[in-house]
Amino acid sequence: MSHPEQHRGRWRPRLDRPALVALLFGLVGVVYRLVLTLFIVPVSNSDEATFGLAALHIGQGRELPVFLYGQHYMGMLESYLAAPLVAVAGPSWPVLRLPMLALYALFLYLIHRLTRRLGTPWFAAFVVGLLALGPERVVRDQLTVVGGRPEVKPAVLLMLLITVGLAAGTIHRRRLAIVLFGLLVGLSVWSDWLILPYLAVAGLALVWAVRRELLGWSGLLLVAGVVVGVAPMIVDNLRAGPGEDSLSVFREVSTKAGPQPPLSDRIRGGLLEGVPLAHGLCPVDGCGRWQQWFGVLYPLLLLAGAALAVLAYRRAAGAPPEERAGALRGERVGPVVQLALVAGAALTVLSYVRSPLAATSPLDNARYLSVLQLSLPAVLWPLWVAALTAWRGTSSVLGRFAGALSAAVLTALTVTTLVITVLFAATGTAASRTEERKARELAAALRADGPHEVYGDYWTCNRLIFNTEESVVCGVLDGDLSPGQNRYRPYWRQVGRAERPGYVVEADSPMDRRLRRLLADRADAAPVREVGGYRVYHPDTPVRPWR
């Protein structure tokens with residue numbers, strides 16, 4: 001990545017040209033996302049607000065939550081990362097999202113380091129350039145605080161870099177590195193179970209690299225690191241009641257998706273919609289037929305990536321003894337890590353297409369495939385090798401044709417991602433900014449004039465509470481005005497004790513019409529005002545039909 005350069009008695013790193021290009025791409029990606037963060041794009045929601053409220057509670061010393069309020073399987077690491085900033089600067093969406101921006105920058109740095117070790121410097125710069133782009137579906141997973149994915153991706157990359165360093169002998173404090181590996185595994189398991197396929201293959205790569213060391217103290221230290229990282233989850237599950245442990249709750253959530261659609265529909269939704277969306281090739285409202293080509297090609301690229309890794313592994317194993325003495329494991333670790341990335345992507349896709357949601361709601365659930373970005377170096381490496389070989393003119397006629405086709409695919413991938421990103425940045429942010437403005441208007445109106453205890457729907461309540469720094473408290477109701485998903489029960493109880501609660505509903509929504517029917521003749525007499533597309537009712541006597 002760099003060469004040391006002596007200057008006036010001191011050594012300073014000097015970046016080579018590919019590293020400088022990668023740095024430029026990375027800076028563009030970070031600045032682009034910083035601007036989006038400051039303008040609160042993508043739009044905030046109540047799921048993110050729940051993490052923000054947890055960060056507020058942590059910063060104030062009121063709560064130390066292990067899992068997201070109201071569930072037992074999504075870790076709160078993102079809230080803990082944001083808590084110091086929220087405690088100092090107060091709750092706001094840019095402050096809440098700044099740690100996610102830092103995690104994205106760390107992700108770019110680590111994937112550049114790993115790709116240089118596995119491939120070539122210019123290929124690493126190309127990968128960073130692709131990952132610097134990002135339409136709404138991609139940046140939503142990178143910037144919004146909704147749990148898991150922004151932190152587990154850098155964790156996996158660091159684990160793989162540790163494996164490469166241990167195998168190559170470039171890490172001297174080996175036991176400390178193994179403890180760190182275990183700690184990252186534990187934190188990732190606590191944070192988001194979607195990363196389990198990658199944790200499994202990273203663990204196998206580590207076992208391959210240092211299997212003899214793991215039979216001694218290093219193995220015990222690895223287990224200790226895992227236990228420390230996952231300790232919050234263990235403690236919470238030991239205290240949980242029957243059926244409230246993480247496995248039981250996650251199993252219940254996984255079986256609520258309904259009847260199983262045909263496999264062909266799940267594969268179509270997973271590959272043709274989910275994979276292109278996860279890689280930034282489609283706008284957030286779905287993929288056109290011309291944008292689904294990458295989903296068709298993806299399994300073939302995984303097979304090609306695996307084949308190249310196996311060939312590289314066998315080539316290193318077949319080197320003359322005098323060339324491989326003391327360096328065999330270091331030469332073979334690259335192909336092993338490439339195989340791990342291919343296997344992680346394959347297992348993630350297979351796990352996703354098992355779910356009915358892959359067929360019934362592919363647009364909403366493509367976020368579960370965002371971890372596939374980890375495997376981008378292994379997936380695109382066959383195309384890069386074929387294009388480079390043809391460019392150098394060292395292949396046959398068939399090879400040159402394959403190289404030209406590979407170069408066309410890489411060009412199409414880059415151009416498509418760039419076009420979708422530019423369209424989003426130019427025209428796709430207006431709706432988010434308008435919605436955020438309306439949410440701020442509602443929060444300011446209620447904060448200034450009340451009511452300060454209100455009922456509303458799920459997507460209104462926690463965002464309203466966060467926007468008002470808890471000066472307005474909201475209880476969640478479903479569309480039929482029955483109690484809804486109240487993640488943090490103290491809010492519901494506080495509104496329930498209010499003598500004259502208000503009601504915040506979207507104008508002309510089913511909840512609005514239901515409420516007006518219950519108020520009957522009092523609907524027009526009750527104080528009503530419209531703010532930011534919402535109607536705020538404040539009747540003299542509370543309306544609580546569930547009682």
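I take angles under 35 degrees as roughly parallel, over 145 as roughly antiparallel, 65 to 115 as roughly perpendicular and the rest as oblique. The model is predicted, so I note that local features need pLDDT of at least 70 and side-chain atom pairs pLDDT 80 or more, while totals for chains, interfaces and linings use all residues. I number residues from 1 along each chain as its sequence is written, and side-chain values use heavy atoms, without hydrogens and water.

**Helix pair.** I looked up H7 (residues 149-168) and H9 (residues 196-210), which pack at about 10 degrees with axes 9 Å apart; helices are DSSP runs of H or I, at least four residues, and strands runs of E, at least two, numbered from the N terminus. Axes are lines fitted to C-alpha atoms over the stretch in contact, with angles from 0 to 180 degrees between N-to-C directions. H7 and H9 are therefore roughly parallel to each other.

**Salt bridges.** I count 17 salt bridges, each a side-chain nitrogen of Lys or Arg within 4 Å of a carboxyl oxygen of Asp or Glu. In one of them, glutamate 470 pairs with arginine 62, with the closest N and O atoms 2.7 Å apart. Glutamate 470 lies in the loop between helix H21 (458-467) and strand E4 (473-476) and arginine 62 in the loop between helix H2 (46-59) and helix H3 (77-89), so the pair ties together parts 408 residues apart in sequence.

**Helix H1.** I place leucine 34 in helix H1.
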